[in-house]
Amino acid sequence: MSEPFNHSFPPQGFWHSFHDPRPQLVAQLTLSIPVQARPVGATAADPPPSIPTTLSLLLDIKRAQGVCRQWHDVLRQTLLRFSRHAPHAWRDLTPEHVAAYLSTVGGPRSRNNHLAAIRQLLAFARRRGFLSPGDPDPLAGFDRVRVPRPEAGIYSPQALRALLDSCPSHAAPLLALVALSGVRMAEVTRLEPADVDLERGRILVRAQNAKTRARRFCHFCPSVRSWVAGATPRTWALERRGLEWCYKEALRRSGVSCVPNGLRHSFISYRLAISGNEHTTALEAGTSPGLIFATYRDLVAPDLAQAWFAVGR
């Protein structure tokens, strides 16, 4: 088994008479100064940076740009996994290597996500001049796989009550925000106490915390106030991985069968049943009216929707 790659340091023996160019590149990009095609000190005879070194440069620059830490971690894990399967040099990377790697990543959605990350790394290498314009494209012929959209599964109001009552107390307010206000799992762990204004009845998802990078106000109901009133500093310090663990623990304790993305699907379905307006529901949920119209319309009855939003603490 190969040794794990430490992305923060170039491989030993790489560019023997060469210093690490990443700090200069990061500083140049941050200051919006054009980055040189080759690092400082390189000559025409020097080989271009390897795939692992290109990966290190990309991650350092993304960090300097202030991208979301969770997004950065996912990109890092994906590309580190790819770099362990790929050859060392860009010139040795072929479509066969990419196809062999993509065959190991699971379902079509995962394949699309990994392919997008590899495309980002390859495009970065081309922009930096690490690949010549005439070099063959190792991603030629690879397209996104069409992922069939599954029918939305939802929880019943009784299942929501069982889940929230079984959830660890510090995490229950955040799960309630997902279920009753339509905040995504990834977004709710980025909220701060000031974003949930109980007096004015407003829940703000800031642009930098939203999946769509668009600021929005989410749905607010009296049940939300009862759950969020019990939040503690430990609640707002919870990260996504911890919240997902608490969600799984609530499923285990309650005996409720897991519905993939069920809390968010339930919110949109029940909210649409009450509002009857896919545009309003889309604004609150941070998605598109077309997707809501095609997926959620007439999925539940209004009386069940009223019961869903009445689940309080």
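Mentor: Glutamate 187 and arginine 216 form a salt bridge whose closest N and O atoms are 2.8 Å apart; the term requires a side-chain nitrogen of Lys or Arg within 4 Å of a carboxyl oxygen of Asp or Glu. The pair links distant parts of the chain, with glutamate 187 in helix 8 (residues 185-188) and arginine 216 in strand 3, 29 residues apart. Helices (H or I, at least four residues) and strands (E, at least two) are DSSP runs, numbered from the N terminus.

The model is predicted, and local features need pLDDT of at least 70, while side-chain atom pairs count only at pLDDT 80 or more and totals for chains, interfaces and linings use all residues. Residues are numbered from 1 along each chain as its sequence is written, and side-chain values use heavy atoms, with hydrogens and water left out.

Buried means under 20% relative accessible area, exposed over 50% and partly exposed in between, with a 1.4 Å probe and protein chains only.

Strand 3, which holds arginine 216, belongs to an open, antiparallel sheet of 3 strands in the order 1-2-3. Strand 1 (196-197) and strand 3 are the edge strands, each pairing on one side only. Strands 1 and 2 run antiparallel and are joined by 2 bridges; at least two DSSP bridges are needed for two strands to pair. Aspartate 197 has arginine 202 of strand 2 as its bridge partner. The loop between strand 2 (202-205) and strand 3 (216-218) contains arginine 213. The phi of arginine 213 is near 60°, a positive value in a residue other than glycine. Arginine 213 is partly exposed, at 48% relative accessible area.

The whole structure contains 10 salt bridges. In another of them, the closest N and O atoms of glutamate 249 and arginine 253 are 3.1 Å apart. Both residues lie in helix 11, 4 residues apart, about one turn of the helix. Glutamate 249 is buried at 12%, whereas arginine 253 is partly exposed at 47%.

Arginine 271 and glutamate 284 form a further salt bridge, with closest N and O atoms 2.8 Å apart. Arginine 271 lies in helix 12 and glutamate 284 in helix 13 (residues 278-285), so this pair ties together parts that are 13 residues apart in sequence. Arginine 271 counts as buried at 14% relative accessibility, and glutamate 284 counts as buried at 12%.

Asparagine 261 is found in the loop between helix 11 (240-254) and helix 12, and has a positive phi of about 55° although it is not a glycine. The largest nonpolar core has 53 residues, of which Tyr155, Leu177, Leu180 and Leu263 touch the most other members. Helix 7 gives the most to this core, with 8 residues. Apart from it lies another core, of 28 residues, among them Val98, Val105, Leu115 and Leu139. Such a core is a set of buried Ala, Val, Leu, Ile, Met, Phe, Trp, Tyr and Cys residues joined through side-chain atoms within 4.5 Å. Residues touched by leucine 263 include Met185, Tyr247 and Trp308, contact meaning heavy atoms within 4.5 Å.

Trp308 is one of the buried residues of helix 15, together with Ala305 and Phe309. Seen down the axis of helix 15, its buried residues fall within an arc of 85°, so they line one face; the arc is that of the directions from the helix axis to the C-beta atoms. Their cover includes helix 6 (157-166), helix 7 (172-181), helix 9 (222-228) and helix 12.

Tryptophan 308 also takes part in an aromatic pair, and the structure holds 3 such pairs. Phenylalanine 82 and tyrosine 101 form an edge-to-face pair, 5.4 Å centre to centre with 70° between the planes. Phenylalanine 82 and tyrosine 101 are both buried. Tyrosine 270 and tryptophan 308 form a stacked pair, at 4.7 Å and 25°. Tyrosine 270 lies in helix 12 (residues 262-275) and tryptophan 308 in helix 15 (residues 302-309), so the pair ties together parts 38 residues apart in sequence. Rings of Phe, Tyr and Trp (its six-membered ring) pair if their centres lie within 6.5 Å; planes under 30 degrees apart count as stacked, over 60 as edge-to-face and the rest as tilted.

Definitions and conventions. Lists of a residue's contacts leave out its neighbours within four places in sequence.
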